[in-house]
Amino acid sequence: MKQVELENRILELLDGQASAAQVLELEEILKADPEARSVYRSLSRLHSALCVRYEAAAEVQAVLPIAPFQSSQNEKPKRVLPWILAAAAAVAIAVLVLSKNSGGANSVPYQLSPGSVCQVTYPDGVKGPEGHFLVDGAYVELLGGNFECSLANGVHLVVEGPAEFTLANQDLVLLNQGNAWFDVPEVAKGFSVRTHEVDVVDLESEFGVLALSDAPDQIHVLRGSVIATTRIGTRSSEVLTAGQARVVNHDGSLKTLPPTPGRFQKALSGKIPYLHFGLDGIGVNGEIQVDGSMPGASSIKARLISEDSASHFIPGPVGQAISFSSGSGAWINTDWPGLSGKAPRSIAFWFKIDPGAQQTDTFPAAIAWGNPDNHFNRKWKIWFPRDPDNGQLRACISFGADRYYDPARLDDGSWHHLTAIYTGKTHEDGTPDCLLYLDGVLSKPEHRFGPDGPPVMRNVDTQTGGPGNGPLRIGYGIYAGLPTFQGSLDEIYIYQGVIDEKTIRSLSSNGHPSDGK
């Protein structure tokens, strides 16, 4: 089926116009083709988002009458997507009137974890309070870090970035993206969380919601019970109790998941969440230990891929290290998707590259994840290419099209420490804001575009999960067929935020943060 035909068939399904035979045909296509599932999820999210905007007008019908969303049973259903775009303008006006009438009531304080990057936008006509406060209608964009707040009704929530959400009112959070935990007291029974794919209504509970930009949404119930109702496809509904978890299937049904309560932060940490790969040894099947304070760190699977794993361990700056160029080469594969979007990040590690190494035309990465398309900024890669002008080997941060090169020559056979930081911000010329520290000292990296020139879209949008996107790989590139990294690595830290110079100095001097981990 051609792309246009597939999209039309999906829209017919979402609008309730597909016949039973067409539904069955589409289901078979979605089961067999991951690319088709990706198209379906993108269209269903757009469809659902527009419906959410339109349904919001129901609360302000008296202020600005708008045609009802559903046609009568006797009328032929009309395609939602084309005409709802026009209706969105009217909805925006209605929501604006509602926001102005809200008066900024229910102002509640919030807190951020260290290293967080957060912006709060208040409704038009409402002046935001001084300091860290939310009001009804406030929109929160959390690029990185954690956000904690207690609402006026006693609901306690912690959101992990990158995330985007709106506090519609004290009883409803619209979660566009993010990992969010909610603890709801009895007096706030009925509190709701709405994503593009599912509505979750509390029945006095503690629960977590994962609203992912490139994967199905999830609900995890930790205590009590909730009602989960999907917003796409069949619009299934189910009461979930403690210990149960569900993921939204492509057809709108709820599919059982193993519960993973450890994925949700329940309080702010005094430290920036991180992952740590010590590289001091392996298990019987090549397992590499992963630890750290990032949610779910202990459940991440990492494995050394090599014909003779034991031969790759050498003395490092801190205990053992891994030589990826020994023997037939080696690399580490993981199931961690990486930090997505424009989430701030800091990656710190020791490396050693011998003179004359990395002479291939395709320079392998030390650390990489995301989408390999160099026409966009959809990847995150730290690698050591040779300068085409003078042949010197240099450290480089690559987003795909935008790249930053450290000026120092690094293939001297000595151990060095590198910290690569993306702040989540953008310069006035559209380039990402990055920092490089070599051996604890801030360098002055040079910006260059890749061989395909400037990106099609200037924004950083690291892609994780989904077809075509690679998980975190160490000593290897995002896609198959590349040579392995020709050097050694030790003590890799991946922070979900921007670390300070004190932490950088500690990592580059003793291999650990100043507090010991």
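Two strands pair if DSSP finds at least two bridges between them. Keep that rule in mind while reading this predicted model. Strands S17 and S29 meet it, because two bridges join them. They run antiparallel. Within this pairing, Ile-322 stands opposite Leu-489 in S29.

S17 also has a partner in S16. Three bridges join strand S16 (residues 313–315) to strand S17 (residues 320–323), and the two run antiparallel. Pro-315 has Gln-320 of S17 as its bridge partner. Together S16 and S17 make a hairpin with four residues between the strands. There, Gly-319 takes a positive phi near 65°.

Now step back to the whole protein. How many helices and strands does the protein have? There are five helices and 29 strands. Of its 517 residues, 51% count as buried. Consider the contacts with a separation of 6 or more: residues 24 or more positions apart account for 60% of them. The protein exposes about 21900 Å², and carbon and sulfur atoms supply 52% of that area.

Next comes an open sheet. Eight strands form it, in the order S15-S18-S28-S20-S21-S22-S23-S27, with antiparallel pairing. Strand S15 (302–305) and strand S27 (446–449) stand at the edges. Each has a single partner strand, so one side of each is left without a neighbour in the sheet. Neighbouring strands of this sheet are turned by 20° against each other on average, direction ignored. Look at one pairing in detail. Strand S18 (residues 331–334) is joined to strand S28 (residues 470–474) by two bridges. Here Asn-333 has Arg-473 in S28 as its bridge partner.

Aromatic rings come next. A search of the whole structure finds 16 aromatic pairs. In one of them, the rings of Trp-336 and Trp-369 have centres 5.4 Å apart and planes at 70°, so the pair is edge-to-face. This pair links distant parts of the chain, 33 residues apart. Trp-336 lies in the loop between S18 and S19, while Trp-369 lies in strand S20 (residues 365–370). Are these two residues buried or exposed? Trp-336 is buried, with a relative accessible area of 10%. Trp-369 counts as buried too, at 0%.

A second pair brings together Phe-351 and Phe-384. Their ring centres are 4.7 Å apart and their planes are at 40°, so the pair is tilted. Phe-351 is in strand S19, and Phe-384 is in the loop between strand S21 (379–383) and strand S22 (396–398). Both residues are buried. Ring pairs link Phe-351 and Phe-384 with Phe-324, Phe-349 and Phe-485 into a cluster.

The charged end of Lys-381 is over the ring of Trp-383, 3.9 Å from its centre. Arg-448 lies over the face of Tyr-405, at 5.2 Å from the ring centre.

Turn to helix H5 (residues 501–510). Its buried residues include Thr-503, Ile-504 and Leu-507. What do the buried residues of H5 pack against? They pack against strands S19, S24, S25 and S29. Just after H5, Gly-511 takes a positive phi of about 85°.

Finish with a single residue. Ala-228 lies in strand S10 (residues 218–230). Why does Ala-228 count as buried? Its relative accessibility is 0%, and buried means under 20%. The C-alpha atoms of Ala-228 and Val-198 are separated by 6.7 Å, though the residues are 30 apart along the chain. Leaving aside neighbours within four places in sequence, the contacts of Ala-228 include Val-198, Ile-219, Leu-240 and Leu-254.

Definitions and conventions. Residues numbered from 1 in each chain as written. Predicted model: local features only at pLDDT ≥ 70, side-chain atom pairs only at ≥ 80, totals over all residues. Heavy atoms only, no water. Buried < 20%, exposed > 50% of the residue type's maximum accessible area, 1.4 Å probe, protein only. Contact = heavy atoms within 4.5 Å. Axes fitted to C-alpha atoms, helices over the stretch in contact; angles between N-to-C directions. Areas by Shrake-Rupley, 256 points an atom, 1.4 Å probe, with all protein chains shown as cover. Phe/Tyr/Trp six-rings, centres within 6.5 Å; stacked < 30°, edge-to-face > 60°. Lys NZ or Arg CZ within 6 Å of the ring centre and 35° of its normal.
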